[in-house]
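Subject: Structure handover and findings

Dear colleague,

I am passing the structure below on to you, together with an account of what was found in it. Please look through it alongside the notes that follow.

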Amino acid sequence: MNHLNVLKKAHVVESEKRGKHVFYKLVYNCIPWLIDCMKVRNEVLHLSRAEQLAVAEKQRQDLISHLKSLPLE
């Protein structure tokens, strides 16, 4: 099973077949944010604990803003 099938079974992506091509899209709008958080986590390891907490707080605020901007379903 390839990685896209795993993501489909986990309901992380949806697929749509158009002719010979299959197009995938993310189901959850917050996944790019989560990926950014993982990238930042690796970049802040050299910072002091206080600086790490400040970065985490900014990410938390960014997530709250992002979630508030999503349409309610």
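I begin with the side chains of Asp62 and Lys58, which meet in a salt bridge with an N to O distance of 2.9 Å. Both residues belong to helix H3, and because they are 4 residues apart there, about one helical turn separates them. Lys58 is exposed, with a relative accessible area of 53%, whereas Asp62, at 36% relative accessibility, counts as partly exposed.

Please keep in mind throughout that this is a predicted model. The pLDDT of the protein averages 84, and 97% of the residues score at least 70. Confidence is highest in strand S1 (residues 13-18), at a mean of 92, and lowest in helix H2, at 80.

Helix H2, which covers residues 31-43, packs against helix H3, which covers residues 49-69, at an angle of about 175 degrees and with the axes 11 Å apart. Since an angle over 145 degrees counts as roughly antiparallel, H2 and H3 are therefore described as roughly antiparallel to each other. On the H2 side the contact is made by Trp33, Asp36, Cys37 and Val40, and on the H3 side by Val55, Gln59, Asp62 and Leu63. Sorted by class, the residues in this contact of H2 with H3 are 5 nonpolar, 1 polar and 2 charged.

Returning to the salt bridges, the count comes to 4, and two others among them involve strand S1 or residues within its range. In one, Lys25 pairs with Glu14, and the closest N and O atoms are 3.8 Å apart. Lys25 lies in strand S2 (residues 21-26) and Glu14 in strand S1, so this pair ties together parts that are 11 residues apart in sequence. Lys25 is exposed, with a relative accessible area of 52%, while Glu14 counts as partly exposed at 40% relative accessibility.

In another salt bridge, Glu16 pairs with Arg18, the closest N and O atoms being 3.1 Å apart. Glu16 is partly exposed, with a relative accessible area of 42%, and Arg18 is likewise partly exposed, with a relative accessible area of 45%.

With best regards

How values were computed. Residues numbered from 1 in each chain as written. Heavy atoms only, no water. Axes fitted to C-alpha atoms, helices over the stretch in contact; angles between N-to-C directions. Parallel < 35°, antiparallel > 145°, perpendicular 65-115°, else oblique. Contact = heavy atoms within 4.5 Å. Nonpolar A, V, L, I, M, F, W, Y, C, P; charged D, E, K, R; others polar. pLDDT = per-residue confidence, 0-100. Buried < 20%, exposed > 50% of the residue type's maximum accessible area, 1.4 Å probe, protein only.
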